[in-house]
Protein chains: 2
Amino acid sequence: MQSMSAEQTTDPVAEQIRSVLDGRWADVRQRLRVDEDFPVAVPGLELGLEEHRAATLEAVRALAGTELAAGSLPVDQGGSGDLGASVTGLEMLGHGDLSVLIKAGVQFGLFGGAIANLGTQPHHEQYLRPMADLSLPGCFAMTETGHGSDVQSILTTTTHDPETDELVVHSPSLAARKDYIGGAARDGRLAAVFTQLIVGGENHGVHCVLVPIRDDAGEAMPGVTISDCGPKMGLRGVDNGRLLFDNVRVPRANLLNKYGDIDDEGRYSSPIESVNRRFFTMLGTLVRGRITVGAGAGAAARSALTIAVRYGLARTQFTYPDGEHEVVILDYLGHQRKLLPRLARSYALALAQNALVEKMDALDSGDVTSEDAQRELEARAAGIKAITTEHATDTIQACREACGGAGYMTANRFTDLKADTDVFTTFEGDNTVLLQLAGKGMLTNHAADFNELDTRGAILFGARQVTTSVIERTIGGSLIQRLISGAPGRDGDDALNDRGGQLAVFEDWESHLTETLAMRLRQAGDEDADSFAIFNAAQDHLLEAARARIDRVALEAFVAAIDAAPQGPGRDLLEQVCDLFVFSTVEANRAWFLEHGRLSSSQSKGVIAKVNDLCGELRPHAATLVGAFGIPDAWLTTEMMSDLAEF
Amino acid sequence: MQSMSAEQTTDPVAEQIRSVLDGRWADVRQRLRVDEDFPVAVPGLELGLEEHRAATLEAVRALAGTELAAGSLPVDQGGSGDLGASVTGLEMLGHGDLSVLIKAGVQFGLFGGAIANLGTQPHHEQYLRPMADLSLPGCFAMTETGHGSDVQSILTTTTHDPETDELVVHSPSLAARKDYIGGAARDGRLAAVFTQLIVGGENHGVHCVLVPIRDDAGEAMPGVTISDCGPKMGLRGVDNGRLLFDNVRVPRANLLNKYGDIDDEGRYSSPIESVNRRFFTMLGTLVRGRITVGAGAGAAARSALTIAVRYGLARTQFTYPDGEHEVVILDYLGHQRKLLPRLARSYALALAQNALVEKMDALDSGDVTSEDAQRELEARAAGIKAITTEHATDTIQACREACGGAGYMTANRFTDLKADTDVFTTFEGDNTVLLQLAGKGMLTNHAADFNELDTRGAILFGARQVTTSVIERTIGGSLIQRLISGAPGRDGDDALNDRGGQLAVFEDWESHLTETLAMRLRQAGDEDADSFAIFNAAQDHLLEAARARIDRVALEAFVAAIDAAPQGPGRDLLEQVCDLFVFSTVEANRAWFLEHGRLSSSQSKGVIAKVNDLCGELRPHAATLVGAFGIPDAWLTTEMMSDLAEF
């Protein structure tokens, strides 16, 4: 650990902040930072496709002995069961070749997660150890060419054959083809296939069945047609492929049967009667993959910011009026505005992500057990994944541009950061669909049986129940309440100059959007109402409300993390970064605050000025603020910084 | 032409609109659309680097006989001198492999443009024909590793040696290395090298000298060290490289001597006395490259929109409440909002680009000659390049996301569209620097001798002159005036519901931003003022003003193009698209309009509602609107559309 901190930074303020950002699994992060075998490396974009894929598989195999794998394995299977450690370790992989993160996430998070959460003890005993030690490379075959977001409508069928007591897996059309499946093209042996389950002639909805797709020699199993998705924008190390099943027979025991089973007499049964509710319950247990994608996106954005801020501190362009000295580009207000508000938002989202992983871990380990908590976790995970991946795309782009032509050279990392993260806004849930899921959570807090309904139905149903929105404080509830109560009032001129006032402003923003959304949607309950048209006309309103919710959650996470930090210059700096997050968020949304009488014109202009001021105040601390991300220098070497050192 | 329209579309409304979008060089566009030898092709991303570069050179060589090359060659050198045709042809290349566009742009636009505009008759006679027929592949060596935007501070020196009457070209440091130079790594023979010119011990500022970098066998010339920039994010077919000169000697005649010459006695002379003014005049003549980049970015954005809109019209996801029919994704408001306002903006910018090319052509052909017109062209070209390339980056990203996982597959084109256009926001002028150049134009309309000053100096100087901003209407002046005069008034509730009122609103927006900017900057003239600090504090204001200016120019171009179009359903549809451009632009900037009392809260909310309404109204015409871009189907084949056809 000493070698790490010697290599990394000797800035004590950065160290103070780092320990706040590192969160509960700080020890995991610190161990991985100095672990020379941890497969974090600049992607080998010079490799051929096959070599890149092989190297990626080897990198994931190298993780088999680490806490990333052990955390994904329950204690009764020889693992640590420390899911938070596993996801935190995956997040650290996000600073390297993202192909390794994604391939590891597919194996441990999606394939392993499906077996752990949808299967029962016999499946755990048979499959989880080989999953964790990579002797059984798996696939997670959910998406089809015709249906991605709408999993409930997938076309693959699995029919129970009472004659042989087997399951017959079949792809009836090209639209039913499993598509973009990680591991399918090259390495996967066993696929967790999502499919309509037909028993006794009746469709019981989507279930998951384990289907061997390759034999030990690597040849496709009979009836399984495998093809390669071919070249992709990025993630070259991940062997995405396509699967078509031609009446493939597997034993009945291959049904992951926690939420739906077939007995010896060929009768279907489930602990959850409603098909819809069963579907959403099953999918909800798979939240881990979504949380990992958000984690990786956040890490990639922090890598990009670290590179761009350091470049901005070393690169000069144009001279001061004295005609002699050149201006360091981060001294330009325009450059500060490009990087520093995004830096502040990265802090907020990293802390919100930490809180999310803690909640996931608590639910997984049984420390917290309630359907409400699980539902809240799913909604929050959906929203944070959407906002963090969107933020990553936006931030990496801004950082590339902030490094000019040098940023376009592959040796300076933005090539892989951009190309690899691009699909994060899409996979594990399209962001628009996920924001609707987050929005559903806002409207259904008080609604019974929302699980009976699809997302649109649940939102419309929930809207009928909501009249006054009650903010569900998920992080630091009593602290937040105390700060809000002590605030001078949300309408006063000083509302935004006090942390409690800021919290109140964010809560009010979310509440008002939620209540007015509910009012609009309530018409859908009228007789003869065209419920699709009413829902659709309010879609932009729904998405805006979900965004406000996640920004509020992120602010609460930020405030709670500061509150828990020891006094000192690190904490003082965090307070300023939090301010920049608040003011730049209000600035970006100030039209809403103006339209709804929350800000006067002069207050609104004051918000812009305050963002400029905070950029100037944080500029001298920029190196500290990226140093606090704790990304070892060796993980972020670039040619442009070596060049600048030679000038 | 019949075969084209048969292949392309049989939609007569799309044809009407296409003829408006095609503009003055419609005949060039139509010929190229059906020219089977025109090298527009999906980039061969499966090729090895060397093969891709070789194919790109061959594609550019194939252009030697076309109007792209002929237009870049003056009539007295056997060309057509039709610069507008050349740039329009390059724009059409923007629908294919952008490496071909960029390599052609370097050869015809930058290398050829430097010789044509900075050289004199002997240079024209010796070099322009081999430039145009590709027997002399050239480079444009301006940017250095240490100085990109600040060309005036480049470090390469060229010293006149009176003993031998030669020029000695030298790179004194790594910072002086010529970097990212297209053609340097593989193909270039002769480089137009920008360098400080030292004659008689005095530095006369930046000039351009022709330096042979490779011999006929392709070997580096003595004293020239060539290296390859290595892998880039995109534009794989362009052989970007680096050049270091170690006291390389060339004849005095290799100085491009239009704006600065050395006589037989070794004395320097120039028609422009001021070093600053000379520099900005020389650079101003090179505007063609910048205009070409904007043209290509616009074309790439239209390719992306065409693909994404067609996919959005064919792809379904989730069912209507009837549970049977699936919803076409472009029927979702969220999807419409992702694509249709960007479509409207693409129209506006395409028409502004057409007007810009017309003005450039008029100036080049001598139909218009005035320093003011040249200056206005440069400022407008800078702004339109910045806004169009930013728009392309944003739009291509949105289109990729709108196509979900399929958008991530290379076979569906977004891989190359994203990676290749990414650097457009940087090269030929970083967008932030270019917006400042556009802003300079707003403040220096009435200032004498602004060319004496650098951009920052000119802006500060101009600010002292401006009290009431006079909008410089560059397109359709009398028409615009007539419409504004007939408008019901900018403050009325209906201001935005009338074209004249919209124009007035946009002009007022720009004027107010300009006048208040001038007020802020005027303090810099005070004694003891820290002029850098004052300029820097207003940088975000300056950038915002420049954006408003370009949006106003784009609206005027849109209005003028509609006015010139024949009556009919095509024109009616254009009116609606123009409305969407206006309302979505006001929506995006509505915080400003609220803060400055231009919109009330309820009017502002009405703008949002109006955007939603217009999206719904244009949705049935979406296929027509992308069909009107006139991009032949064969140029935009994708795997995902073939897949959907098989469902």
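Q: What does Asn247(A) count as at 43% relative accessibility?
A: Asn247(A) counts as partly exposed at that value. The term buried stands for under 20% relative accessible area, exposed for over 50%, and partly exposed for what lies in between (1.4 Å probe, protein chains only).

Q: What kind of model is this, and how are residues and chains labelled?
A: This is a predicted model, in which local features need pLDDT of at least 70 and side-chain atom pairs count only at pLDDT 80 or more, while totals for chains, interfaces and linings use all residues. Residues are numbered from 1 along each chain as its sequence is written, chains are lettered from A and ligands numbered from 1 in the order in which they are written, and side-chain values use heavy atoms, with hydrogens and water left out.

Q: Where does Asn247(A) lie?
A: Asn247(A) lies in the loop between S8 and strand S9 (248–251) of chain A. Helices (H or I, at least four residues) and strands (E, at least two) are DSSP runs, numbered from the N terminus. The phi of Asn247(A) is positive, near 50 degrees, in a residue other than glycine.

Q: Which loop holds Leu235(A), and is Leu235(A) buried or exposed?
A: Leu235(A) is found in the loop between S7 and S8 of chain A. With 3% relative accessibility, Leu235(A) counts as buried. Leu235(A) is not a glycine, yet has a positive phi of about 50 degrees.

Q: How do S7(A) and S8 of chain A pair?
A: S7(A) and strand S8 (residues 241–245) of chain A are antiparallel and share five bridges. Two strands pair if DSSP finds at least two bridges between them. Ile226(A) has Leu243(A) in S8(A) as its bridge partner.

Q: What is the strand order of that sheet?
A: The order is S4-S8-S7 (chain A), in an open sheet of three strands with antiparallel pairing. At the edges stand strand S4 (178–181) and strand S7 (224–228) of chain A; each has a single partner strand, so one side of each is left without a neighbour in the sheet. From one strand to the next the twist averages 20 degrees, where axes are lines fitted to C-alpha atoms, for helices over the stretch in contact, and angles run from 0 to 180 degrees between N-to-C directions.

Q: And in chain B, how does S1(B) run against strand S5?
A: S1(B) and strand S5 (residues 190–199) of chain B run parallel and are joined by four bridges. Cys139(B) has Ala191(B) as its bridge partner in S5(B). From strand S1 (residues 138–141) of chain B, Gly138(B) and Phe140(B) point one way, Cys139(B) and Ala141(B) point the other way, and all are buried.

Q: How are the two chains related?
A: Chain A is superposed on chain B by a rotation of 180 degrees with 0.0 Å of shift along its axis (RMSD 0.0 Å). The two copies are thus related as by a two-fold rotation axis. The C-alpha of Ala591(A) is the nearest to the axis in chain A, at 2.1 Å. The superposition is by least squares on the C-alpha atoms of residues with pLDDT of at least 70 in both copies.

Q: How many residues are in contact between them?
A: In chain A, 80 residues are in contact with 80 residues of chain B; contact means heavy atoms within 4.5 Å. The copies meet through the same surface, because 100% of the interface residues of chain A are also interface residues in chain B.

Q: What area is buried there?
A: About 6400 Å² is buried between chain A and chain B, and carbon and sulfur atoms give 53% of it. Buried area is the accessible area (1.4 Å probe) that two parts lose on being put together, summed over both. On the side of chain A, Met233(A), Tyr408(A) and Glu595(A) lose the most area to chain B, together 12% of what that side buries.

Q: What is Thr410(B) in contact with?
A: Apart from its neighbours within four places in sequence, Thr410(B) is in contact with Pro231(A), Lys232(A), Met233(A), Leu45(B) and Thr415(B). Thr410(B) sits in the loop between helix H13 (404–407) and helix H14 (414–421) of chain B, and counts as buried at 13% relative accessibility.

Q: How many residues of helix H14 of chain A are buried?
A: Eight of the eight residues of helix H14 (residues 414–421) of chain A are buried. Among what they pack against are helix H12 (371–402) of chain A and H14 of chain B.
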